[in-house]
Amino acid sequence: EQDSGKVILSKEFFEREPVFATAAKFTDRYYVGIQPHGDNSFEVSIHPKEDNAGSSNVIEIFCNELIEQQVRHDLQNRFGKLREVIVAQAFSPLEKQ
């Protein structure tokens with residue numbers, strides 16, 4: 001099938017949380033399977049739930065979404081505390097002088 005496929009993802013580049021977050025975005029129209037592939041990789045398989053339910057380039061779309069999720073994850077890890085401080089400061093009560 002054109003709208004099915006598998007992709008092997010290196011754990012060196014992609015962490016568990018972004019892989020599962022990406023998979024969750026596809027479960028409305030696809031069956032998504034995630035399995036270990038050796039010690040350093042994930043294998044993700046994607047198959048449509050119904051005929052003609054998906055895109056012929058679902059693997060490419062999945063990979064683009066995964067990159068976005070991984071970047072968000074990396075930014076949260078790197079700047080999450082700073083974001084929390086900024087939000088707390090922005091919504092803290094004003095001091096009376």
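Is E65 buried or exposed, and what is its relative accessible area?

Reply: E65 is buried, since its relative accessible area is 14%. In this scheme, buried means under 20% relative accessible area, exposed means over 50%, and partly exposed lies in between, with a 1.4 Å probe and protein chains only. The model is a predicted one, in which local features need pLDDT of at least 70 and side-chain atom pairs count only at pLDDT 80 or more, while totals for chains, interfaces and linings use all residues. Residues are numbered from 1 along each chain as its sequence is written, and side-chain values use heavy atoms, with hydrogens and water left out.

The side chain of E65 takes part in a salt bridge with that of K25, at 3.1 Å from N to O. This pair joins distant parts of the chain, as E65 belongs to helix α2 and K25 to helix α1, 40 residues apart. A salt bridge is defined here as a side-chain nitrogen of Lys or Arg within 4 Å of a carboxyl oxygen of Asp or Glu. Side chains of opposite charge can pair when their charged atoms come close.

The two helices joined by this pair also have a defined geometry. The axes of α1, residues 16-26, and α2 come within 8 Å and cross at roughly 135 degrees. Such axes are lines fitted to C-alpha atoms, for helices over the stretch in contact, and the angles run from 0 to 180 degrees between N-to-C directions. The two helices are therefore oblique to each other; angles under 35 degrees count as roughly parallel, over 145 as roughly antiparallel, 65 to 115 as roughly perpendicular, and the rest as oblique.

F62, which lies in α2, is buried at a relative accessible area of 0%. The C-alpha atoms of F62 and T22 are 7.1 Å apart in space, although the two residues are 40 apart in sequence. V19 has its place in α1 and likewise counts as buried, at 0% relative accessibility.

Together with I67, L75, F79, L82 and I86, V71 forms a nonpolar surface patch of about 540 Å² accessible area. Patches are made of residues with over 30% relative accessible area and no salt bridge, like charges being joined within 9 Å and nonpolar side chains (Val, Leu, Ile, Met, Phe, Trp, Tyr) within 5 Å. The accessible areas come from the Shrake-Rupley method with a 1.4 Å probe, and for residues only the protein chains shown count as cover.

A search of the whole structure finds three salt bridges. In one of them, the side chains of R72 and E68 meet at 3.0 Å, N to O. R72 and E68 are four residues apart in helix α2 and so are separated by about one helical turn. R72 is exposed, at 52% relative accessible area, while E68 is partly exposed, at 37%. K6 and E43 form another salt bridge, their closest N and O atoms being 4.0 Å apart. This pair links K6 in strand β1, residues 5-10, with E43 in strand β3, residues 41-48, at a separation of 37 residues. K6 counts as exposed at 56% relative accessibility, whereas E43 counts as buried at 19%.

The setting of these elements may now be given. The chain holds two helices and three strands, and its order along the sequence is β-α-β-β-α. Helices (H or I, at least four residues) and strands (E, at least two) are DSSP runs, numbered from the N terminus. Of the 97 residues of the chain, 31% count as buried, and E65, with its 14%, is buried as well.
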